[in-house]
Structure formats: structure tokens, C-alpha cells
Amino acid sequence: MCEKAKEDGVAAMAACYQGFDPAAYLQYNYTPPRADFERQDSIVPWKLGCLHRAFTEGDVSGELLVDIGSGPTLYQVLSGCEVFNRVILTDFLEVNRQELRRWLRDEGDCGLDWTPYLQHVCKLEGRQPSEWTEKAARLRAVVSDILPVDVHRPQPLAPGALPSVGADCLVSCFCLESVSPDLAAFTRALGHIQGLLRPSGHLLLIGALGESYYFGGPGVKIPVVPLNEAEVCASLKETGFTLIRLEVYTLPQDMRVGVDDVSGVFFVKAKKE
Ligand SMILES: C[S@@+](CC[C@H](N)C(=O)[O-])C[C@H]1O[C@@H](n2cnc3c(N)ncnc32)[C@H](O)[C@@H]1O
Ligand SMILES: O=S(=O)(c1ccc2c(c1)CN[C@@H](CF)C2)N1CCSCC1
């Protein structure tokens with residue numbers, strides 16, 4: 001069924017996601033060896049470092065940060081929650097929105113213990129790792145909504161979800177390329193989320209390079225549009241973004257653990273023209 005996605009377009013992608021398993025996805029990607037805070041060449045310090053620098057180097061500001069396609073993860077807003085007074089998380093699937101609500105309501109029984117991520121970002125901020133409880137409280141205080149989103153719609157969010165001027169900043173990680181059957185759909189989706197930003201607002205985009213599939217759960221093989229750096233830059237230009245910075249991380253061989261065929265990860269900081 002998922003293999004058919006490429007022929008049937010975005011409609012079939014939605015069918016692929018019906019089997020998405022948040023707990024499995026977290027296990028595949030956010031536990032060792034991929035999430036190993038002790039390794040110097042680990043993807044986690046690199047990615048959290050990119051986000052920390054991007055949020056704190058002085059040009060990103062405002063009231064509202066929106067995360068597009070949050071999934072069941074929170075690492076992507078751990079730096080941003082100190083800069084913005086309001087954060088909106090979004091996802092296509094109710095199972096992921098439920099997982100986020102569970103953590104935010106501190107109900108226990110979450111799919112992943114985010115403490116190491118909170119502690120790492122505290123260190124990046126020059127704080128004691130033990131201040132992770134304050135950071136968790138901050139995040140719980142600023143997240144105002146967990147909303148449905150569909151990046152294939154010209155209006156990805158419900159009417160009235162955002163202030164009329166738009167969001168001050170968007171962050172989106174491993175979403176657009178993972179929900180689009182081809183490059184044209186990826187670029188259209190990028191244009192749709194561009195419309196959620198205020199003029200001169202910032203986009204922090206993290207994604208997979210050279211990835212053609214990933215497992216969203218046991219036996220749930222989801223097609224991904226394989227991207228290279230040039231295609232990412234061209235899509236940004238085509239959709240009205242000015243590129244500020246592109247950074248690339250090449251996955252070490254032992255992090256290629258069979259849950260996908262990703263070869264690298266890109267980090268983009270861009271500004272709406
Ligand atoms: C690979 S996961 C990324 C999750 C998370 N952002 C991360 O960094 O790991 C892709 C996410 O896109 C969501 N998604 C699927 N179809 C979508 C759509 N049409 N619009 C927006 N998000 C979608 C899925 O539910 C899933 O949570
Ligand atoms: O870069 S990761 O290894 C990672 C994290 C998530 C994903 C991939 C890779 C590749 N497949 C994507 C499918 F959409 C999801 N990483 C996992 C540890 S924390 C930082 C991000």
C-alpha cells in the first residue's frame with residue numbers, strides 16, 4: 001500500500017501514515033545509537049546545537065513559534081521555548097498529538113524520557129543540567145495549542161489558528177520530505193507553510209538527505225522523497241525564502257541502523273522575503 005504512494009500522490013501518503021507508531025518511531029530514532037549524548041560525532045549534539053545557535057544568535061524574535069509536523073517529539077522546541085512566549089505544536093495524526101499532550105500534561109507513561117535532551121540544551125545555554133526541570137516547566141507553560149496540520153493544503157492549519165499577521169517563526173523537522181511523494185509536492189508544501197509566516201519571519205528547517213524510505217513502525221515502510229542540497233536550496237528560493245545558512249551532517253555508518261536509508265541531515269535557517 002505504501003509502495004503505491006508514489007503513483008497515487010499525497011492521498012496515498014495519508015494512508016501510509018495510518019500505521020504510524022509513535023512509540024516505535026521514538027525508539028528507532030531518539031534512543032542510542034542515534035541519540036547518544038556521549039558520542040562526539042552523534043547527530044543529537046549537532047542538531048540541538050544548530051537549533052540553539054539559530055534561535056539565540058539575535059535575529060530571531062517575536063511572540064509566536066509554530067512547529068510543523070511535530071510528530072511525537074519535543075527536541076525541536078527546547079531552545080525556541082526560551083525565546084518565544086507562545087509555542088504551537090502541530091501534527092497530522094491524533095496519535096502524535098496525544099503523545100505530545102501526555103508529556104505536556106506531565107501524565108507519565110510517555111513514549112520517551114526527554115530528560116537527556118532537556119539537560120543537553122540547558123548545557124548549551126550555559127545552565128546547569130539540573131535546571132532541566134525549569135526548562136520543562138517553561139515548555140509546558142508556553143505551549144498554547146497542539147493542532148491538526150496538513151502541509152498539502154494551501155491553508156495547512158484551521159482558519160483562525162494563527163494571528164492574522166502569521167507566525168514569527170516556524171520550525172519543521174523531517175516532515176515535508178517524509179509526507180511528499182515527489183519534489184514538486186515537497187516544494188508546494190514548503191510554499192504552503194511559507195504562507196503561515198509573517199513577512200521577514202524565520203524558518204528553521206531540518207530534513208533528511210538522500211532518504212527514500214523510513215519505518216514509521218514495525219512493517220510500516222513510508223516512502224520519502226530523496227533530496228539533495230541543491231534541491232532544498234532551489235525549493236526555498238522558489239517559495240519566497242532567502243537562505244541564511246545551510247549546514248549538513250553526514251550520518252556515520254553505525255547510525256545507519258536499518259530504520260531508514262538516510263545518508264545525511266540538513267539544517268536550514270531562512271527568512272521569508
Ligand atoms: C518523520 S515524522 C517527523 C516527526 C518529528 N518532527 C521529528 O523531528 O522526528 C513526519 C511527521 O509528519 C506528519 N505528517 C504526515 N502527513 C502530514 C501532512 N500531510 N502534513 C503535515 N504533517 C504530516 C506525521 O504524522 C509525522 O509526525
Ligand atoms: O537525525 S536523526 O538520526 C533522525 C531523526 C528522525 C528521522 C531521521 C533521522 C531520518 N528519517 C526520518 C524519517 F522522516 C526521521 N536524529 C535522531 C537523534 S536526535 C537528532 C535526529
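Visitor: Which element gives the largest share of the lining of the largest pocket?

Guide: This is a predicted model: local features need pLDDT of at least 70 and side-chain atom pairs pLDDT 80 or more, while totals for chains, interfaces and linings use all residues. On a 1 Å grid over the protein atoms alone, a pocket is an open set of points where a 1.4 Å probe fits, with protein on both sides within 12 Å along at least five of seven lines; lining residues have an atom within 4 Å of a point. At least two lining residues each come from α2 (10–16), α3, β1 (64–68) and α8 (helices are DSSP runs of H or I with at least four residues, strands runs of E with at least two, numbered from the N terminus). The largest share, 4 residues, belongs to α2.

Visitor: How much space lies in the largest pocket?

Guide: Its lining has 31 residues, with Y17, D91, F92, C175 and V179 nearest the centre. By class there are 20 nonpolar, 8 polar and 3 charged residues (Ala, Val, Leu, Ile, Met, Phe, Trp, Tyr, Cys and Pro are nonpolar; Asp, Glu, Lys and Arg charged; the others, Gly among them, polar). The space in the largest pocket is about 420 Å³ (filled by probe spheres set on grid points joined across faces, edges and corners).

Visitor: How much of ligand 1 does the protein bury?

Guide: Surrounding ligand 1 are 22 residues, the closest being Y25, Y30, G69, Y75 and D91 (each has a heavy atom within 4 Å). Taken alone, ligand 1 exposes 590 Å² (Shrake-Rupley method, 1.4 Å probe). Of that area, the protein buries 98%.

Visitor: What is the volume of the largest cavity?

Guide: A cavity is a set of points where the probe fits but cannot get out, and the structure holds 1 of 30 Å³ or more. The largest cavity is lined by 21 residues, with N29, Y30, R34, K47 and F174 closest to its centre. α4 gives the most to this lining, 4 residues. The volume is about 340 Å³.

Visitor: How much of ligand 2 does the protein bury?

Guide: The space taken by ligand 2 is the largest cavity. Among its 13 surrounding residues, N29, I43, S178, E211 and D260 are the closest. Nitrogen atoms of ligand 2 lie 2.7 Å from a polar side-chain atom of E211 and 3.2 Å from an N or O atom in the side chain of D260. Alone, ligand 2 exposes 470 Å², and the protein buries 99%.

Visitor: How many charged residues are in the lining of the second largest pocket?

Guide: The second largest pocket has a volume of about 180 Å³. Its lining has 13 residues, with Q155, A158, G160, L162 and L196 closest to the centre. By class, 8 are nonpolar and 5 polar, and the number of charged residues is none.

Key:
Residues are numbered from 1 along each chain as its sequence is written. Chains are lettered from A and ligands numbered from 1 in the order in which they are written. Side-chain values use heavy atoms; hydrogens and water are left out. A polar contact is a pair of N or O atoms within 3.5 Å; within protein, one must be able to donate a hydrogen and the other to accept it, and residues adjacent in sequence count only if both atoms are side-chain atoms. A molecule sits in a cavity or pocket if more than half of its atoms lie within 2 Å of its grid points.
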